[in-house]
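Please read the following note beside the coordinates. The points begin with the interfaces and then turn to charged side chains.

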Amino acid sequence: MTLSHTDALIQIRDLSVTFPSESGSVEAVRNVSLDIRAGEVLGIVGESGSGKSVTSLATIGLLPDSARVSGEVLYNGKNLLKLTDEEMSQYRGSDIAMIFQDPLSALNPVQTIGHQIAEALLIHQNISKSAADKKVVELLDVVGIPKPQERARSYPHEFSGGMRQRVMIALAIANEPKVLLADEPTTALDVTVQAQVLDALKHARDITGAAIVLVTHDMGVVAGLADRIAIMYAGKIVEQGPVNEVFAQPAMPYTIGLLHSIPRVDAKAGSRLASIPGSPASPVDLPQGCAFAPRCPAAQDICLSANPPLVQIVSSPDHAAACARVDQIQGLVASNKLFEEGPAHSPTKNESAVNVLELKDLKKTFPLMKGAIMRRRIGSVFAVDGVSLTLKQGQSLALVGESGCGKTTTLIEILNLVAPESGSITVLGKNAATISKKERLALRKDLQIVFQDPFASLDARLPIGEAICEPLKTFGYSKTDQRARLSELLLLVGLNPMHANRFPSEFSGGQRQRIAIARALALNPKLLVLDEPVSALDVSVRAGVLNLLAELQEKLSLSYLFVSHDLAVVQHIADQVAVMYLGSIVETGPVAEVFKDPQHPYTQALLSAVPIPDPIIERGRSRIVLQGEIPSPANPPSGCRFHNRCQIRMILPKDQQDRCSTERPVMKKSTHGEVACHFPIGAK
Amino acid sequence: MATKVKLEQDETFSRGKLIRVRFFRNKLAVFGLFGLAMLFFLAFVAPHLDKFKWDQLDFDNMLSPPSLSNGHWFGTSQIGGDTFALTMRGLQKSLIIGLLVAFFSTGLAAIVGASAGYLAGRTDRALMWVIDLLLVLPSFLLIAVLSPLYRGKTWLVFVVLLAAFGWMITARIVRGISMSLRERDFVRAAIYMGVPTRLIIFRHILPNISSLLIIDATLNVGGAILSETGLSYLGFGVQPPDVSLGSLIAEGTNDAMAYPWLFLFAGMILILTVLCVSFIGDGLRDAFDPGATGGQAK
Amino acid sequence: MLQFVIKRLANFFLMVIIAGTLGFFLASTALHPRSNYDGRQPPIPVTTIDNKLDGLNMNDKTPIPIRYQHWVGGLLKGDFGTTMDETRVNHEISTRIWVSLRLLLVGSILGSVIGVLVGVRSAVRQYKFFDRFHGISAFIILSTPVFLIAILIKFGAIWINTKIGHTLFYTIGEYSPGLEEAKSSALFLNRIQHFLLPTLSITLGGVAFYSRYQRNTMLDVLASDHLRTARAKGLTKRQALFKHGLRVAILPMSTLFAYSFGLLITGAAFTETIFGWNGMGRWFILAVHQNDINSVSAVVVFSAVLVLLSGLLADITVAALDPRVRLR
């Protein structure tokens, strides 16, 4: 059953972890057996609640006290689960080290990072304080922190997210561990920063030769980095094997569905997304059979009665899957009978002359305050600094960029429907600055929003029916009209109208987002603003929501303004794209063309940083890793905002370089849209 | 398929039921609830079962120790007043004052805090300045100074004063929560749907701070009783001839070594009352918000 | 920066002025110094009373705004006026303030230090016997009014004294009268014997209050990610707790301590009254009963200044201990 290997460093055998909870015991990890081999990168992939993080915490012995653990974690012939805290602390940080997801809360806020790294050295090595300090500087240098000598004396809050994660890596490799556990190390980061941090992680591996266990939900990240992967679902490993094999020939329906449901930035026109029905299994009250069976289109009686073990696949010795029908699955995939697919994406739709939304040179600044006790204004943050956009009726326009680029501020400015600080906002032909209060209210009917996090966007104390009816009530619909519309809306988004009296807490993330969409559609709006509508959702339900949005757009001829940092999602849903950097738009154009042939160096770098969930393609790509970090919008660089990080400018002659750093480029026609660059890529 | 249906029904049990289950699992909270019920019974029903009234003097039994035979269960005072009847009268007063003060101060805190937090800007700054000022003012001293004004008048003035100086801390917390609620997506969604401000406050803001208000109102009952008895002890609270637990204790301590029953019963009942209220408040907090104080399932 | 300090100071003075003004007006409206002379035998002539009250600036025949002007005039020269007993208010403050401070400082420092220790241990041993025992004890103490704690301690001590047949604890005053001339060691011991009970009554409340608070902040820190990181580095749970947890957990305590110190004067009123210490709190109680407007107003001003200074102190402590708010 277990695929034992001679060079296994850590052997996890039959590991089970349960937590007591109010609604019953949570079976977080169920009978997991796994080897971590010397020097390899093992990817553990799963959605939230799949048990991937708990498995890694159990390995390093940092589970909360309430956890009940059984099974073995063997290292050097010792069962680590049996050790006391004192004994285990000998291994933690020296043999096994860990990198956590959120580096801000994972670092002590009141100690300098130098002190914190030196402490890790002094615990396990018999060296002097000054030798440790010297080593700290070396380590910071290794993970790519500029001016390490100086930065060692800084506190965690003085670093950016990416830099903090580098500090965490430095901390983890300080004692050259044999195994490095990385729990979602880049999830909180932007793609370009993610690329930098993954680079630092690879570099750290090369230096220490440590095995890396990469725990993530991102198939793209494992495709680029992992040698082997283990897919977890509801606390169990459902498939395990060499990364190329699992991606090329997935054997478990869950893996297959996952791989077909992930939008890809390199997708071709007309591609479809498979959607996995239902929601991820709750780790409380798991069914007796296969946990995935209720969602599996290939499920039969046998799947409901017995929990299938992880068994080796005949054709390849290192590949195993836990599926009762593993022998028949390949046939079903081949005949395309497994998962239902959404509408094909056809980016070029009928051109309409009507503008639903028009922004002209929109600007928004915030006061920059300093000091927690002695607050005072010391400058301005140029959050949105001259944004012009046009969205045509029936189209979807995606505003993309990394955090802090001003995309969300732009969106809020539009939704506020008041006169902006500078520039103009025109919605459905009405200028926000000149409309009356009454007109503004009427305009709200046509302009609705779907927020990112469906857990925050629904009031926990209102039954979903009332939440959906709230806009109807505001605009004076009668009770009977409200009820009729409610059923209609719930059916439209694929929910049962009988459930209208239930509270949001009774629905999963994907269902809640459908409820939020139903609420936004209640008044038959013309323009829907979607703020990262799927990024808070589990991977397996994203495709379902994306397919729903695509269907709705077609059925109701909606226009979408779509804000996202996820370029793959944008590629799948948008017609037009506008790329933002530091408060302004650097490139616009039809998605397909811009993504195939980016004109602005930033667009190019951004696209190159997005990992593609295909190990062969991903490893064959040459990646542009940008230098430095996004500058603060309070103090933007002169000239072109991107000039100090630009990979193109570096190879330009001196006089042209000077132009970039002094003259701010304006939007001008490019091969397939507009671009704000003095030396666009296609022009060469 | 049958199991799936059952699961859905299990999940539909409401928030209210969950809170009740959590509350009644907490032994101290249940103790507090029963204790308080008993105290209310004692304060409002027991006096009718006693043959002596609180303002009635028994000249045959002065300074009698507690005794069942002469009917003075808690003994009598120097002038023959029945200590049990007096203590129950004092308990009545302390309970009523505690409840009223908590109700008014929490209500005021909710209104001021929610408007400051939700409306923000200038309203917020003005209200916060008032709160800061009131916190700087030594409220206990000011009520003491004002005590001659309500001497011989209704004790309701005293309630108003206690409430007027007791709402600021809760208001600050309410303001903080309202401010963060304002930024929450479901409130923003309502704003962008065109829902009027007044409705947003009543439909979204207040229901979402209701649990905090219930908890705080409960804990404020205890605080109000402590303030009331303290002021009455010093002679600045409930005025004679009426009695409160505080003024009873003050009178009883003059000869406490010789006649301990004069203050001990009042003292013990006072401690028990506040203790029960705090147990209930704490139990409510754990029930509404498990994890906030590490009060999860043991 | 400078502008900020000025703004802050201006607000500080504004608050003190409002507190003082309110104190004076409320005292002048509510208190009736004239009633002190009611019912004397033989009756004191009205003119004599008027003269006396005029001298004290407490004559109710003079409109309050005029008396307020007088009072402020004195304050500007640093003079709080005269008490009902014809002593200088300034003199009373300067002697009584030390009496109160001796009591409050020792009591509250002991209370917070022991409270923090108990709180930390309770958090570490959550739901064990130590935690449950102290949890219930703290609940009971916090549910007991300050005056009742003092009374119970006082009578407990008297009971012990009678049991052992020797005065181990003194329950009234700062030292036994007539002992001023005694040997300094004897006087010191006598002072300690007087000091124990009132300090205990202030300390108990402090321990209960701070230990509950410290337990909660400590539990938050125990569950925090950075403590997990410290353990991932190879520290044991205990080491991680003391090297990383404690400082972070004590941060909010320092603010709380500074803030509550400003409010202690209320508690002092009870302790001083019950144990017969002539501090600020007891003075205030007597002054209200004596209709002594000047003394009452002075204590109100003093207490407002104390609260504001404590707030300032809290801000400074946080800035000193927490690099996240430290000004660079």
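1. A polar contact, as the term is used here, is a pair of N or O atoms within 3.5 Å; within protein, one of the two must be able to donate a hydrogen and the other to accept it, and residues adjacent in sequence count only if both atoms are side-chain atoms. With that criterion, 7 residue pairs are in polar contact between chain B and chain A, both residues of a pair being at pLDDT 80 or more. The elements that give two or more residues to the side of chain B that touches chain A are α1 (2-11), α2 (15-25), α10 (185-192) and α11 of chain B, where helices (H or I, at least four residues) and strands (E, at least two) are DSSP runs numbered from the N terminus. The largest share of that side, 7 residues, comes from α10(B).

2. On conventions, this is a predicted model, in which local features need pLDDT of at least 70 and side-chain atom pairs count only at pLDDT 80 or more, whereas totals for chains, interfaces and linings use all residues. Residues are numbered from 1 along each chain as its sequence is written, chains are lettered from A and ligands numbered from 1 in the order in which they are written, and side-chain values use heavy atoms, with hydrogens and water left out.

3. The contact between chain B and chain A takes 26 residues from chain B and 26 residues from chain A, contact meaning heavy atoms within 4.5 Å. The area buried between these chains is about 2400 Å², of which carbon and sulfur atoms give 52%; buried area is the accessible area (1.4 Å probe) that two parts lose on being put together, summed over both. A:E470 and B:R203 meet in a salt bridge through their side chains, at 2.9 Å from N to O.

4. Between chain B and chain C, 43 residues of chain B are in contact with 47 residues of chain C. The buried area is about 3800 Å², and carbon and sulfur atoms give 83% of this area. B:V136, B:L141 and B:V145 supply 16% of the area that chain B buries against chain C, more than any other three residues. The elements giving two or more residues to this side of chain B are α6 (121-136), α7 (139-150), α11 (197-233), α12 (245-252) and α13 (261-288), and the largest share, 10 residues, comes from α13(B). The residues of this side divide into 30 nonpolar, 10 polar and 3 charged, with Ala, Val, Leu, Ile, Met, Phe, Trp, Tyr, Cys and Pro counted as nonpolar, Asp, Glu, Lys and Arg as charged, and the others, Gly among them, as polar.

5. How many salt bridges and polar contacts are there between chain B and chain C? The count is 0 salt bridges, while 3 residue pairs are in polar contact, both residues at pLDDT 80 or more.

6. A search of the whole structure finds 41 salt bridges over all chains. In one of them A:D446 pairs with A:K526, the closest N and O atoms being 3.6 Å apart. Because A:D446 lies in helix α15 (residues 437-446) of chain A and A:K526 in the loop between α19 (509-521) and β19, the pair ties together parts that are 80 residues apart in sequence. A:D446 counts as buried at 18% relative accessibility, and A:K526 is partly exposed at 42%; buried means under 20% relative accessible area, exposed over 50%, and partly exposed in between (1.4 Å probe, protein chains only).

7. In chain B, B:D242 forms a salt bridge with B:R89, with 3.3 Å between the closest N and O atoms. B:D242 lies in the loop between α11 and α12 and B:R89 in helix α5 (residues 83-119), so this pair ties together parts that are 153 residues apart in sequence.

8. A:D531, in strand β19 (residues 527-531) of chain A, deserves a check. A:D531 is buried yet has no salt bridge, and the nearest side chain of opposite charge, B:R188, is 5.0 Å away, with Lys and Arg counted as positive and Asp and Glu as negative, and His and the chain ends not counted.

Key. A salt bridge is a side-chain nitrogen of Lys or Arg within 4 Å of a carboxyl oxygen of Asp or Glu.
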